[in-house]
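Here is a friendly walk through one protein chain, from its overall make-up to a few individual residues. Please keep the viewer open as you read.

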Amino acid sequence: VLVDETGEYLDANPAALEFFGRSRDEMLATRADTDFPPEALSVEGSGEDAADRHREIAVEVGGVPKTLLVESIACVLEGRDVVLVLATDITGRVLLEAQLEDRNTALRVLLEQLEEERVAMERRIMANVNTLVLPTVDRLERQLKGRPEATHAQAIRENLGEILRPVAQRLVNASSDAPRLTRRELEVANLVKLGKTTDEIAEALCLSRSAIQFHRGNIRRKLGLKAGDERLSTALLGDTSLDATAVWPTP
């Protein structure tokens, strides 16, 4: 459309007439500033780069909101200052972008929910192994101690560890608040959670009693427990951030 300095339409091409749903006479009888906001008719502040002159403008046509990409160019026509307004209807594109953004948001929410469900499921698996499987393996190892069959019980523990170690690693990564325990400290922490005494832990891990006490001291320090605080086993039972790696920590 072509607009004079007073905001009156001087001319409009067929596409503009179709967009506004008017005849040429109806268009020329309408003021441009009733269709366009002031910034669409202004050329002040426009840069030399064509991209700088384009603006997204919201308008209404017959009560329906539309979005136009507008470029306003100052011209001189028969000695008069006029503004040539080049407008492209981008309503469909804007609506599509909004729909895509909504879908992307919904997809992000769905992926977050799936991730939360995966973590919860893997925590349940680890907890069930801790409470249902390991005690049985412990009993087998005690009953078979000193017998050739004891190697089978040890193989069960080691194979379970290899199978579940990737799960433990993912859960450690998901638990930003988990204390950074070493592999040996996590093994000791698991056995403490299962109610094992220092002597029983030393026997199970083939370590000295003093070594287990050293590891217990490190665990207490990393958990923020001081002398006289609650028992280590009680603190560990209440710390769900260790559930992921309680049995088979990653190297």
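## Basis of the model

This is a predicted model, in which local features need pLDDT of at least 70, side-chain atom pairs count only at pLDDT 80 or more, and totals for chains, interfaces and linings use all residues. Residues are numbered from 1 along each chain as its sequence is written, and side-chain values use heavy atoms, with hydrogens and water left out.

## The chain as a whole

The chain has nine helices and five strands. Helices (H or I, at least four residues) and strands (E, at least two) are DSSP runs, numbered from the N terminus. Read from that end, the elements run β-β-α-α-α-β-β-β-α-α-α-α-α-α.

Of the 251 residues in the chain, 35% are buried; buried means under 20% relative accessible area, exposed over 50%, and partly exposed in between (1.4 Å probe, protein chains only). The accessible surface comes to about 15200 Å², and carbon and sulfur atoms hold 54% of it. Accessible areas come from the Shrake-Rupley method with a 1.4 Å probe, and for residues only the protein chains shown count as cover. Among contacts in the chain with a separation of 6 or more, 49% join residues 24 or more positions apart; contact means heavy atoms within 4.5 Å.

Five strands form an open sheet in the order 2-1-5-4-3, with antiparallel pairing. Two strands pair if DSSP finds at least two bridges between them. Strand 2 (9-11) and strand 3 (54-61) are the edges, each pairing on one side only. From one strand to the next, the twist averages 40°. Strand 1 (residues 2-4) joins strand 5 (residues 80-89) in the antiparallel sense over three bridges, and V3 has V83 of strand 5 as its bridge partner.

Strand 3 and strand 4 are also antiparallel, paired over eight bridges, with A58 bridging to T67 in strand 4. These two strands form a hairpin with two residues between them, and G62 in the turn has a positive phi of about 60°. In a regular strand the side chains alternate between the two faces of the sheet.

Helix 4 (residues 91-143) lies across strand 3, strand 4 (64-77) and strand 5, and runs at about 135° to strand 4. Axes are lines fitted to C-alpha atoms, for helices over the stretch in contact, and angles run from 0 to 180 degrees between N-to-C directions.

Angles under 35 degrees count as roughly parallel, over 145 as roughly antiparallel, 65 to 115 as roughly perpendicular and the rest as oblique. From helix 6, R184, E185, V188, A189 and V192 meet I212, H215, R216, N218, I219 and K222 of helix 8. This contact has five nonpolar, two polar and four charged residues. Here Ala, Val, Leu, Ile, Met, Phe, Trp, Tyr, Cys and Pro count as nonpolar, Asp, Glu, Lys and Arg as charged, and the others, Gly among them, as polar. Helix 6 is mostly covered, with nine of its 11 residues buried; these include L186, N190 and K193. After helix 6 comes G195, with a positive phi near 90°.

Helix 7 (residues 198-205) and helix 8 (residues 209-222) have axes that come within 9 Å and cross at roughly 110°, so helix 7 is roughly perpendicular to helix 8. T198, D199, I201, A202 and L205 of helix 7 make the contact with R209, I212, Q213 and R216 of helix 8.

## Two residues to look at

T198 lies in helix 7. This residue counts as buried because its relative accessibility is 12%. Leaving aside residues up to four places away in sequence, T198 touches R209, I212, Q213 and R216.

L84 lies in strand 5 and is partly exposed, with a relative accessible area of 28%. Not counting residues up to four places away in sequence, L84 touches V1, L2, E71, S72, I73 and C75. L84 and D11 are 73 residues apart in sequence and 9.6 Å apart in space, C-alpha to C-alpha.
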